[in-house]
Amino acid sequence: MPLTLAEVEHIAALARLRLSDEEKARYRDQLSAILDYMAKLKELDTSAIEPTATVLPLRTVLRPDTVTPSLTPAELLANAPEAEAEMFRVPPVLE
Amino acid sequence: MSLTDLTLTEASARLRAGQTTSLELTEACLAQIERYDSTLRAFLTPTVDLARAQARAADAQIADWKKNPSHAERLQPLTGIPLAIKDVLCLKDTRTTAGSRILENFVAPYTATAVQKLLDAGVVIVGKTNCDEFAMGSSTENSGYCVTRNPWDPARVPGGSSGGSAAAVAARMAFGALGTDTGGSIRQPASFCGIVGLKTSYGRVSRYGLIAYGSSLDSIGPLARTVADAALLFSALAGHDPRDATSMPTPVPDVSLASPDLRGVRIGVPKEYFIAGVQAAVERAVREAVRVLEALGAQVVEISLPHTEYALPVYYLIAPAEASANLARFDGVRYGPREDGESLWDMYLDTRGERFGAEVKRRIMLGTYALSAGYYDAYYGQAQKVRTLIKRDFDEAFKQVDVIACPVAPTTAFKIGEKTDDPLAMYLEDVFTLPPSLAGICGLSLPCGFDGHRLPIGLQLLGPAFGEEKVLRAGQAYEQATEWHKQGPNL
């Protein structure tokens, strides 16, 4: 079942992606084709199957709650497009 | 014969014997890069000054060891060896891009554990290699920078996503390289470039410092020209890391490759991997390779992996879903270029919209959709359940056999541009590498022949999770009984 343009716009908004009209149309076609192919999974009866989130037997790996050396604020700000007083500067978060 | 024609193992032996120096090996690699990389485009960031400094340091260490024979046993096999690193792995104070324009100016503030382990072993890094953007792709055509060319035929792709690393090794620009494999991205380019590639078991090599694509799937592994070379690199890379909570404390096996025969080894041949659509030359070469394995003493058994055909939809739901979460951090706030906007919202939308490539955007959207309210159970939830079935197929198979032998890819290297119009056609290249990725097991790709265009064909040997020594031993036995690994491209 093909995606609608509105659905593509909704997904793009969730994903914080600005798309041109041409991109929206192209992704609508491509994603619809891909999702049609995914429908294949409905052939299988998985009612009694547990999902696999990880192939490993590890769960909730903890470490002691102690402070250990990490990167310095200067190192972490070095790649910032805009920084000020040990903070990342951005456009207003709240209007 | 040029120094760069030596295998990693041979180069290491010559270093120990004083027949060459790390600086000589390094200069030979740098000269190779200088001569051929303007055409092949394997490297995004050559690290020439760093390499020379590391080579000098390695030579000093070797000289010290020679003066102090009692220290000689501490001379590590990788000391002084030039390697290349896929650009999804962070190297401190070096530009690290993940093949993306959204990290065009990102200088890593720390080094990935896998890379650090190699540095601690004394290696020389000649550069960061090109890859599909954020490791998403099967041809390296999705790189935000350039398309790497296959050294065997520059009109063709080297495979992906670790195409730069594979091309660098095949073109003798380095004695080995690091790649990553999420759905086949070490094995398939190794196959297309006629070299050895090892996908390590999930949890075997620390992912700390690897720019994440699919966090339940990503694995780091070596590309090299021989199985012995790959085994050396594997031994240096593997091991628990407290900085990676998905790193297993499983002991690293001894992968010394002494035994040349395969008596007592059971090899499974899965019928679902020999189907219509596989290039005839590929099927022929792989079946012939299985005959060689049998002649070496292995017992060959036909097996079934019944859920093979579902691996593609499962992977292309789970991996994009995980990617949509992992790539949410690229928003222009803390690193990378920023597209200024009047509002924060505009900044996010424009930075991501302008700087991510088409395939990355496609997968982010696919993943976002699969996880979104109302669709989660039908898509992502169902995919996770089918993943259990796929993993079970392998668990059952490894009760009957030690190693599984099959093709790496349905085709040899295709032409640049041939599959870029149809995403699904590109995804179908991965059909034989995806199921093992979903199961988290290990897999070795090694050369087993050529097609009519003299393009390399890879044999895939799969082993149980944390069973790398099984695939390395079987691979070594096959390699030493054949001559494929001695052949290289005419550059």
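**Reading the sheet, the helices and the contact**

Within strand β6(B), the residue bridged to B:T180 is B:I220.

Q: What kind of model is this, and how are residues and chains labelled?
A: This is a predicted model, in which local features need pLDDT of at least 70, side-chain atom pairs count only at pLDDT 80 or more, and totals for chains, interfaces and linings use all residues. Residues are numbered from 1 along each chain as its sequence is written, while chains are lettered from A and ligands numbered from 1 in the order in which they are written.

Q: What is the strand order of the open sheet in chain B?
A: The sheet has 11 strands with mixed pairing, in the order β1-β3-β2-β4-β6-β5-β10-β11-β9-β7-β8. At its edges stand β1 (43-46) and β8 (299-303) of chain B, each with a single partner strand, so one side of each has no neighbour in the sheet. Direction ignored, neighbouring strands are turned by 30 degrees against each other on average.

Q: Which strands of the sheet does α3(B) touch?
A: Two residues are in contact if their C-beta atoms, placed from the backbone, lie within 7 Å. Helix α3(B) packs on the sheet and touches β1, β2 (82-86) and β3 (124-129) of chain B. The direction of α3(B) makes about 155 degrees with that of β3(B).

Q: In which sense do β7(B) and β8(B) pair?
A: Strand β7 (266-270) of chain B and β8(B) pair in the parallel sense over five bridges. One bridge sets B:G268 against B:V301 in β8(B).

Q: What is the handedness of the unit that β7(B) and β8(B) make with α8(B)?
A: A crossover is right-handed if, with the strands pointing away from the viewer, the path from the first strand over the helix to the second runs clockwise. The β-α-β unit of β7(B), α8 (280-295) of chain B and β8(B) is right-handed.

Q: How is a pair of packed helices described?
A: Two packed helices are described by the angle between their axes and the distance between the axes. Axes are lines fitted to C-alpha atoms, for helices over the stretch in contact, and angles run from 0 to 180 degrees between N-to-C directions. Angles under 35 degrees count as roughly parallel, over 145 as roughly antiparallel, 65 to 115 as roughly perpendicular and the rest as oblique. For α2 (22-40) and α3 (48-67) of chain B, the angle is about 160 degrees and the axes are 8 Å apart. These two helices, α2(B) and α3(B), are therefore roughly antiparallel.

Q: At what angle do α9(B) and α12(B) pack?
A: Helices α9 (311-326) and α12 (377-400) of chain B pack at about 125 degrees, with axes 9 Å apart. The pair α9(B) and α12(B) is therefore oblique. Among the residues that meet are B:V314 and B:L317 in α9(B) and B:Y380 and B:I390 in α12(B).

Q: How are α1(A) and α2(A) set against each other?
A: The angle between α1(A) and α2(A) is about 105 degrees, with their axes 10 Å apart. Helices α1(A) and α2(A) are therefore roughly perpendicular. In this contact A:L5, A:V8 and A:E9 of α1(A) meet A:K24, A:Y27 and A:R28 of α2(A).

Q: How many residues does each chain give to the contact between chains A and B?
A: Chain A gives 42 residues and chain B gives 57 residues. On the side of chain A, α1 (5-14), α2 (21-38) and α3 (73-77) are the elements that give two or more residues. The largest share, seven residues, comes from α2(A).

Terms used
Helices (H or I, at least four residues) and strands (E, at least two) are DSSP runs, numbered from the N terminus. Two strands pair if DSSP finds at least two bridges between them.
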